[in-house]
Amino acid sequence: MTTEVTPTTTKAKRNFSFLFALTLVGLLLLLCVVLSIATPNFATPNNISNLLRQGSMIAILAIGQTFVIITGGIDLSVGAIVGFSTVIVAGLIQSGMPIWLAIIITLLMGLAIGFFHAFGIVKMGLPPFIITLATLTSLRGMGLLMTNGSTINITDPAFTQFSRESFLGIPNLFWMVVIVAVPAYIFLHLSKWGRYLYAVGSNSESARLSGVSVPKMIFIAYGLSAMCAAFVGVMLAARLGVGNATQGEGWELQAIASSVIGGTSLFGAVGSVHGPLIGAFILATISNGANLLNVNSFWQRIITGVLIIVIVFFDQLRRRGR
Amino acid sequence: MTELASDSAQAAIVPILQLRGLEKRYGHIQALKPSSLDFNRGEIHAIVGENGAGKSTLIKLLTGVIQRTGGAILWNGQEVGLANPSEAIGHGINAVHQEVVLCRHLSVAANIFLGDETVRFGMLQKGAMTRAAQKILDDIGFDLKADAILGSLTIGQQQLVATARASVRGTKFIIFDEPTAYLTRQEAAQLFALIRRLRGEGVTVVYISHRMEEIFELADRVSVLRDGLLVGTRNIAETNDTELVAMMINRTLDQIYHKETIPFGKLLLEAKQLSGKGFSDISIKVHAGEIVGLYGLIGAGRSEFALSLFGRNPKTGGSIEWQGQEVNIRNERKAIALGIALAPESRRDQGLNLNLPIGLNLNLPIYDRLTRGPFVDVGEEKRRADQQIKDLGIKTPSRRSLASSMSGGNQQKIVIGKWLNHGADLFIFDEPTVGVDVGTKAEIYRLFAKLLKDGAGIILISSYLPEVYELADTLHVFRDGRLTGSQTYRQSSHEHILAEAIGV
């Protein structure tokens, strides 16, 4: 009826999340190998840098998104925050403000938007889906109003230069992922806050009765997600050299997809920092490869959809197997 | 098995479901050792055993939730696979679980017919279904409205709906897992009437309960499981609770309630005319070394009172004094900081983070103490969790196992363990032994004595009278949110206290 099970399988089961991450890395490497063979343009320094830049922004969004999803919520506003932040940071820099101050103000504004989401959820009792959907549309409108629907060009070369440069041969934008991911990993996996986040997502009533401040954790999760989005907005403004409220359209869905491909459960209490990172770069590689192979961009969307289904399906099988 | 003491045994004894060396292994752990047993048509067969003795495993095997690793199951003499739940239901095997697994937002009727709806031209026949459901409920004597929304009912009433649902679908074999844990006496009486009626119709009822008096009231035969092994089957008329308990745990009944006389210490907590949602005008005192029992039916306001003491629900009147000082317990963290711990009523909804590891559950209240700089001290985290697992005898392969994989008694130990881990001056235990076997109960009571000796006070909330009666130094009775009586240890009779609780 069943196979003979030895004591070692108990240990193997425990390491499933590690194995899952390895499988994802394997998938990413496989994609790279196949694309290197299929097109000579893939494995060029130029293209790899480009790919890293493309993937970096979704990766950072996905990390923030993962915090929110672990609490059992969702943040649909991150794409709109990206667009709005490009407008804010561009406007501030063009008004003559020092770059560092403009960036800090933009990040704080992101944090404030996240706190507003948490306020809506904790104090007004709104579902996360609704409050973040509301800011998604409102922020786009506010950005368009502020710019009158046009684009703000950033004339300070120091700001745009940063996004094109590299450090140790790796694009600066990718270094930004490291700068976000390392503290994020410590926060989620090594600090008490991470434990509380999982507890809130698993059963907020039990967490509360165990002395965890549930509202505080909701504020932290949504604050971090929105601040990651504002950070990505700054990166995008630097990369494109413009502020435009319509940027980042649909990025919230890519961030959610990356997170889910990386093993995050939309029911909460399951997720990691490394999973969504790999997820984001898998999506970026597919998109990059499809471009190089001249695959119709409409097909890319279909392929991404199929991939989400396949990966999450296998992840579910694994969980059921436990 | 040639004779049966029961009055239902007028017909010849026909086995309906037979276990032949049934076995279930998880790795090297034998959850059910090879067991053979016959369930007869039209009998009420009780199964008793400690938590982790293999009762849940047996239920899951019979309902097709898990698959056996050895032996055979015969249904009407034919070997069957029972490879999945729908095969079991197809044969007429149903189970009513301890925790209700129905749709809270649908009506009672919709739940009863869920998956089996009356449809005409693709349209639900709601009216017809409600009438049919009402007829079923009236027929089996449940005092419930078929058009009520399930979520608006008490847990006990929901349990009755689950029972009604399981009993109408051509059922020939029905398993009840701790069905009375959340029922009031009246509801339990309705349930027992249904169970006897099912037996009269030739249905086989398997009845799992920790409450001995129910087993002696209902069952025809009783089987005992211990450590995954079927240790014996008795006709109910030929056994008694002393023998059954001995078979289950090799201990006698007197040793279960463990009461030591410990002198009271200082006054810990005094509630003065405290009112809040679900209770009003409650005044009690708790001293160090004292067990204060709060007895009453489910919904009498005891748990609500406890939640207000713990800062979960706001008080609307009165005051709380903590060690002589008036305090404002505005949230749970304030209560914990004062030195109050609460092991809440519902393990699943309030007590545990089920899909997280046992270790995280045990350490959840103390992560502040486990933090060094930005990091959790992983070594200390591991040590504290393993310490509780060892001290409380939580049966788990690892602290990394999920809390959901534990049996009821072990889950309760986790709920209690997290507060032992934290430490407190006043422990509030709300229904600590619901769904918990005799052996674990004895362990929990012994733990109470240890806490008292260490200088703590205990508020023990229970709807199981013998428990509070035997353990509480001071016993308060709740009815409809008010105190209807208070007595010292063994001052009044069971009958007197029960009368105060139900208001006759």
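**Notes on contacts and domains**

1. Let me start with the interface, bearing in mind that this is a predicted model. Chain B puts 32 residues into the contact and chain A puts in 26 residues. On the side of chain B that touches chain A, α10 (332–338), α11 (347–351), α13 (367–370) and β20 (375–376) of chain B each give at least two residues. That side of chain B is made up of 15 nonpolar, nine polar and eight charged residues.

2. Next, the layout of chain B. Its parts are domain 1 (15–92 + 170–249), domain 2 (269–339 + 425–433 + 459–504) and domain 3 (341–423). Between the C-alpha centres of domain 2 and domain 3 of chain B there are 26 Å.

3. Domains 2 and 3 of chain B also touch: 10 residues of domain 2 contact nine residues of domain 3. On the domain 2 side, α9 (302–309) and β21 (426–430) of chain B each supply at least two residues, and β21(B) has the largest share, with four residues. By class, this side of domain 2 of chain B holds seven nonpolar residues, one polar and two charged.

4. The axes of α3 (residues 45–70) and α11 (residues 214–240) of chain A come within 7 Å and cross at roughly 170 degrees, so α3(A) is roughly antiparallel to α11(A). Among the residues that meet are M57(A), I60(A) and F67(A) from α3(A), and L224(A), F231(A) and M235(A) from α11(A). This helix contact counts 15 nonpolar, three polar and two charged residues.

How values were computed
Residues are numbered from 1 along each chain as its sequence is written. Chains are lettered from A and ligands numbered from 1 in the order in which they are written. This is a predicted model: local features need pLDDT of at least 70, side-chain atom pairs count only at pLDDT 80 or more; totals for chains, interfaces and linings use all residues. Two residues are in contact if their C-beta atoms, placed from the backbone, lie within 7 Å. Ala, Val, Leu, Ile, Met, Phe, Trp, Tyr, Cys and Pro count as nonpolar, Asp, Glu, Lys and Arg as charged, and the others, Gly among them, as polar. Domain bounds come from an automatic or database domain assignment. Axes are lines fitted to C-alpha atoms, for helices over the stretch in contact, and angles run from 0 to 180 degrees between N-to-C directions. Angles under 35 degrees count as roughly parallel, over 145 as roughly antiparallel, 65 to 115 as roughly perpendicular and the rest as oblique.
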